[in-house]
Amino acid sequence: MPRVLEELQRVGESAEIWWDSSPLDFPKWRDRHLATAPDTPTKKRWRDQLDCFLCPSEPDRSLVRGITTNPSLVAQSVMASPESWRQDIQELIRYQLTPDVESTFALVYEEALRRAAREMLPMWQASNGRYGWVSGQLDPRLMLNADLMLEQALRIARISPNLMVKVPGTRQGYEVIRQLVARGISINSTLSYTVPQFTACAEAVETGLKKAHEQGIDTGRWRAVFTHMIGRFGANPDLRYEAAIRGIELSQTDVRWGEVAILKRIHTLIQENGHPLKPLLSSLEVDDPAKGSSTLCMHLEQTAGGAIAYTCKPRFVGDVLRREDELAAFDEHAIDQAVPADVLEKLLWLPSFHRAYDPTGMDPEEFAHYGSFIATYAEVMANTRKLIDFVAHQFQTLTPSAQPLLLS
């Protein structure tokens, strides 16, 4: 397993490593990555580490404890094995009485979640529901419709006991979270970048839990995580625009401190108030010092020692493997270290950071209008459309001659 990630888990007693993709995609990615090794000793070292990275059928051996997916990742997984999925999709079409593109897309998406959950179920069972969770995200097209999101969420939750529903960080999304938690359903709050979103999520979770306990619902295997899309926050171009018009010089290191500052504040709120949520860091990045970064991976180095889950996309794991000897040793108290005062003061001049850092910096109606949210949502929607079109194409190819298709 990557020594860096193993050490990160060691210094943080409650730290967890997750895989940001389907577990079924891991073997192919591992083989592709091993093929890039520069020499035989490196290839052997990488293989030895990756052999213990994701082993759901051997929970005591596996470094990875959970899985995150989203419509983009499901689309990528399907597109990576088009021949296999083409046959499955055409079968789904044939076995519907009145098939259409939307109903078939929903079945394909749920089948992808079912396969991922089945792969991780042995870990979930062995840990009595502590590990082995798979996050199944709601259709991004529904993010402003609480009723339709709840309807889909209840369908997803029934697929497997180790599926937690991944709900967008909108006002409507937090209403859905409240209702899901009240039913004892595990949740992952996603498309989140700010402290105000965290406080809204915590309130929804705690209100839902109170109702669940009043109704006698068993929450012994219930879990909730709050996904801070840490690298996505810094990718928000609003930060650099706001800095430029104010004559503020904003380095890549300053931006990373801004991302970490938000996570540190969220972590502090959890520790001080006992919120039943664990932060889950996604969009992790390994930085290039040649591009102005003073640290190789501040996302890990400045959060070490915290009760945090880290979901690692394949590219990030590959970068860590290639450069792990360059990473500094972890400080088990890093999560409690303050952001440099001069950097924080500079960042607070920027409205996009100030709104994200202040617990009351935004109203829930504003969450879906925040720059980082909009940029991520656009990407997720684009990948969702690709998967819908792949399904639509299967309708066209079921007949000897392709036919035009009206998507309505």
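This is a predicted model: local features need pLDDT of at least 70, side-chain atom pairs count only at pLDDT 80 or more; totals for chains, interfaces and linings use all residues.

Trainee: How many cavities of 30 Å³ or more does a search of the whole structure find?

Mentor: The general idea is that rolling a probe the size of a water molecule over the atoms shows where empty space is left. Here, the search turns up 1 cavity of 30 Å³ or more. The largest cavity has a volume of about 40 Å³, and P71, F105, Y109, D139, P140, Q152 and T384 line it. By class, that lining has 4 nonpolar, 2 polar and 1 charged.

Trainee: And what volume does the largest pocket have?

Mentor: About 900 Å³. Its lining takes in 46 residues, and D20, S21, S72, L73 and Q76 are the closest to the centre. Helix α4 (residues 71–80) gives the most to this lining, with 6 residues. The classes come out as 16 nonpolar, 19 polar and 11 charged.

Trainee: Now the helices. At what angle do the axes of α8 and α9 cross?

Mentor: In general, two packed helices are described by the angle between their axes and the distance between the axes. For α8 (residues 171–182) and α9 (residues 195–214), the axes cross at roughly 30 degrees and come within 7 Å. Therefore α8 is roughly parallel to α9, as angles under 35 degrees count that way. Their crossing is right-handed.

Trainee: Which residues in α8 meet α9?

Mentor: Y174, I177, R178, V181 and A182 do, and their partners in α9 include Q197, A200 and C201. The contact's residues divide into 10 nonpolar, 3 polar and 2 charged.

Methods
Residues are numbered from 1 along each chain as its sequence is written. Side-chain values use heavy atoms; hydrogens and water are left out. Axes are lines fitted to C-alpha atoms, for helices over the stretch in contact, and angles run from 0 to 180 degrees between N-to-C directions. Helices (H or I, at least four residues) and strands (E, at least two) are DSSP runs, numbered from the N terminus. Angles under 35 degrees count as roughly parallel, over 145 as roughly antiparallel, 65 to 115 as roughly perpendicular and the rest as oblique. A crossing is left-handed if the near helix is turned anticlockwise from the far one by less than a right angle, and right-handed if clockwise. Contact means heavy atoms within 4.5 Å. Ala, Val, Leu, Ile, Met, Phe, Trp, Tyr, Cys and Pro count as nonpolar, Asp, Glu, Lys and Arg as charged, and the others, Gly among them, as polar. On a 1 Å grid over the protein atoms alone, a cavity is a set of points where a 1.4 Å probe fits but cannot get out, and a pocket is an open set with protein on both sides within 12 Å along at least five of seven lines; lining residues have an atom within 4 Å of a point. Grid points are joined across faces, edges and corners, and a volume is the space filled by probe spheres set on the points.
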